[in-house]
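Hello,

Here is the structure for your files. My notes follow below.

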Amino acid sequence: MMLLSAFLVLSALAGVSVGQPSCQMAVGDHALCACTMSDGSGTIDISSYAKKDSSYKFKATQGDYDYYYNPCFPLSVEGANACSDDTAAGCQTTANAVTTSFKIGTFDQVSYSVDPSTNNVVISYQGGDDSRHMAVALKCNPLQKEPKFTALGEQTQPLEYEFTLESVCSCAFKSGHSCTDSGGGGDNNKTERKSKRNPGVVGIVLICLAFAGFVSYFAIGAVVLRMKYEKTGSDLIIHKSFWKEFPFYVKDGVVFTFSPCYRMIKGERGGYSNFK
């Protein structure tokens, strides 16, 4: 029971340590297209993709519709009257010929989140026509210099339009560096990309998994010995004889490993005895 209690406490602490990170909206000019990771991995900034001339940066087709998106600044699409105001972040039109259009997200309602299943940062835009809204998942790929914008359509619920933006600028960079330094959205190639993941988290998870396996080994063994063989007391320890001798095995291993070093320090020479 003590081992089980210790495991539960450790699991609870680990849960706090490896909790899902968040991405807080940046301040200043890039607030609508940049956020800072809570785990300290850096800032994700896609402002280099924004067009300031009231047009659009990205276009993708899915099914019978074309989708338009412009980070940071309102877009406009020729012939799409629904998307011609000063707030539209995304627009949906009929493919090939613009006969019908809908605003699917605005800059008035922007939020950032982290998808726990992929660790991708997701930018959500609310306030579209007839409750339409859009979610752009930023898929980090340090080798994707040219951004790849993909329309996934209505995946989880009606009128929620999902997209992915795969690029180097979808990665987090430490202060003083940016994706344009690595060739994304610019011409320089100066710095190495900083990883978005925290390597310390992996170590904590592995330790927790190892501890869980160790505890499960004894717990399951005790249940089997009790239920099948009706053992009690210390006999519930699985492979009891092995664990009883385990300290001596460790001692023998240490002596075997370090005795040559000890003899060298003492100036002694080892060797085999003469055969007679």
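How many bridges join strand β9 to strand β10? Five, between residues 121-125 and residues 133-140, and the two strands run antiparallel. Valine 122 has alanine 137 as its bridge partner in β10.

This is a predicted model: local features need pLDDT of at least 70, side-chain atom pairs count only at pLDDT 80 or more, and totals for chains, interfaces and linings use all residues. Residues are numbered from 1 along each chain as its sequence is written, and side-chain values use heavy atoms, with hydrogens and water left out.

The sheet. Five strands form an open sheet in the order β8-β9-β10-β12-β11, with mixed pairing. Strands are DSSP runs of E, at least two residues, numbered from the N terminus; two of them pair if DSSP finds at least two bridges between them. The edge strands, β8 (110-114) and β11 (148-154), each pair on one side only.

The rings. The structure holds 19 aromatic pairs (ring centres of Phe, Tyr or the six-membered ring of Trp within 6.5 Å; planes under 30 degrees apart are stacked, over 60 edge-to-face, the rest tilted). Phenylalanine 107 and tyrosine 125 are edge-to-face, because their centres lie 5.8 Å apart and their planes stand at 90°. Both residues are buried (under 20% relative accessible area, 1.4 Å probe, protein chains only). Phenylalanine 149 and phenylalanine 163 are stacked, 5.2 Å centre to centre with 10° between the planes. That pair links β11 to β12 (residues 160-167), 14 residues apart. Phenylalanine 163 is buried at 2% relative accessible area.

Best regards

Terms used: Helices (H or I, at least four residues) and strands (E, at least two) are DSSP runs, numbered from the N terminus. Buried means under 20% relative accessible area, exposed over 50%, partly exposed in between (1.4 Å probe, protein chains only).
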